[in-house]
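Please study the sequence and the structure shown below before reading on. The paragraphs that follow lead through the fold step by step.

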Amino acid sequence: MTDLILHHFETSPFSEKIRRVLAYKRMAWKSVLVPPMLPKPDVLELTGGYRRTPFLQIGADVYCDTALICEVLERLQPLPSLYLEPMQGLARILAHWADTTFFWAAVAGPRNPARMNGGLPTAALAFAEDRKAMFGSMKLLASPDAQAALRCHVQRLCDTLGDQRFLLGPAPSVADFAAYHPLWLTRVRHPVEADVLGQTENLREWMDRMQDLGTQIAQPFDAERAIAIAAAAQPLPIEDGPLGGTKFVDRHGIALGESVTVTAESFGPEATPGVLVAATDDHYTLRRSAARAGTVHVHFPRAGYVLART
Ligand SMILES: N[C@@H](CCC(=O)N[C@@H](CS)C(=O)NCC(=O)O)C(=O)O
């Protein structure tokens with residue numbers, strides 16, 4: 001298998017989700033640290049516009065969004081599985097809830113920019129400005145509402161867990177990794193705000209179990225070498241790629257071969273332009289050319305992304 005290169009940053013919860021999956025599946029990976037805010041010239045060289053973190057690179061193939069990255073890792077290393085039968089549908093649904101509703105309650109509760117005052121250090125102000133631009137018209141809950149919602153969500157997770165080891169049974173699924181990372185942000189990155197976990201002993205023990213699922217087999221790497229790897233490689237033929245499935249599914253009246261953009265439906269308005277080379281039931285692939293990276297395929301999940309003709 002060609003090397004897995006994860007482009008991520010330390011404090012990013014979505015990156016932590018994938019780092020935990022890689023450790024659980026005992027997969028070795030190369031670690032490229034990306035800036036947490038714009039400008040990100042090396043990121044855009046590979047993704048063509050998408051700036052969110054993390055993304056996974058395998059040669060000249062770039063996989064955006066952690067939901068898609070989990071599917072890719074599962075195909076490459078099926079065991080231990082993230083999608084155990086008979087719960088795989090529910091696991092994906094729960095993961096989607098955790099990556100969206102639950103994540104935003106965890107972020108907005110303790111750290112709503114509305115609570116930030118003018119006394120912030122310059123770097124924090126620049127970060128807040130960067131994120132404000134990413135929100136666009138998306139509205140974050142006000143902090144008290146987010147905190148109230150977070151407590152409800154945490155209680156529901158607690159009830160779902162009960163006395164099981166993981167959310168859907170004795171082994172972890174993609175739902176556990178998705179529910180873990182917003183709480184990791186709360187407990188590990190912002191421990192002073194972790195009282196939300198105060199009454200939830202089973203959830204705290206579950207977090208410890210999640211934390212202990214394997215150790216990282218990561219090798220420090222850098223963006224320049226990652227781009228050189230993309231330049232030296234050819235994108236995998238669609239039928240040979242880890243996402244499998246070549247059946248063209250047209251839901252937009254856009255044919256393969258047309259010039260398109262793919263954009264996140266919220267948070268991060270930057271579009272990736274390219275030529276549509278695959279559109280299956282659950283993902284899109286764009287072919288694009290970049291000055292340093294050469295021809296790359298950039299893959300996105302359908303859910304959560306907007307496809308448009310250019
Ligand atoms: N749905 C995306 C969300 C990714 C996301 O929002 N990541 C945050 C970091 S944890 C981000 O992109 N922040 C802005 C940035 O890194 O530039 C996923 O699952 O990958």
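Which residues of strand 4 (residues 61-64) are buried on one side, and which on the other? Asp61 and Tyr63 lie on one side, Val62 and Cys64 lie on the other, and all are buried, so that both faces of the strand are covered. A residue is called buried if 20 or more other C-beta atoms lie within 10 Å of its own, exposed if 12 or fewer do, and partly exposed in between, with C-beta atoms placed from the backbone. In a regular strand the side chains alternate between the two faces of the sheet.

Two remarks on the model are needed here. It is predicted, so local features need pLDDT of at least 70 and side-chain atom pairs count only at pLDDT 80 or more, while totals for chains, interfaces and linings use all residues. Residues are numbered from 1 along each chain as its sequence is written. Helices (H or I, at least four residues) and strands (E, at least two) are DSSP runs, numbered from the N terminus.

Strand 4 has partners in the sheet. Two strands pair if DSSP finds at least two bridges between them. Strand 3 (residues 55-58) pairs with strand 4 in the antiparallel sense over 4 bridges, and leucine 56 has tyrosine 63 in strand 4 as its bridge partner. These two strands form a hairpin with 2 residues between them, and glycine 59 in the turn has a positive phi of about 60°. Strand 4 is also joined to strand 9 (residues 294-301) by 3 bridges, and these two strands run parallel. Here aspartate 61 has histidine 297 in strand 9 as its bridge partner.

The helices come next. The axes of helix 1 and helix 3 come within 10 Å and cross at roughly 10°; axes are lines fitted to C-alpha atoms, for helices over the stretch in contact, and angles run from 0 to 180 degrees between N-to-C directions. Helix 1 and helix 3 are therefore roughly parallel to each other, a term for angles under 35 degrees. Their contact (C-beta atoms, placed from the backbone, within 7 Å) is made by Phe14, Lys17, Ile18 and Val21 of helix 1 and Thr66, Ile69, Cys70 and Leu73 of helix 3.

The ligand is surrounded by 14 residues, the closest being Ser12, Phe14, Arg52, Thr53 and Thr66; a residue is near a molecule if its C-beta atom, placed from the backbone, lies within 6 Å of it. Helix 1 (13-24) and helix 3 (66-76) are the elements that give two or more residues to this shell.

Two residues show contrasting surroundings. Leucine 185, in helix 7, is buried because 22 other C-beta atoms lie within 10 Å. Aspartate 163, in the loop between helix 6 (143-161) and helix 7 (174-189), is exposed because 5 other C-beta atoms lie within 10 Å.

Definitions and conventions
Angles under 35 degrees count as roughly parallel, over 145 as roughly antiparallel, 65 to 115 as roughly perpendicular and the rest as oblique. Two residues are in contact if their C-beta atoms, placed from the backbone, lie within 7 Å.
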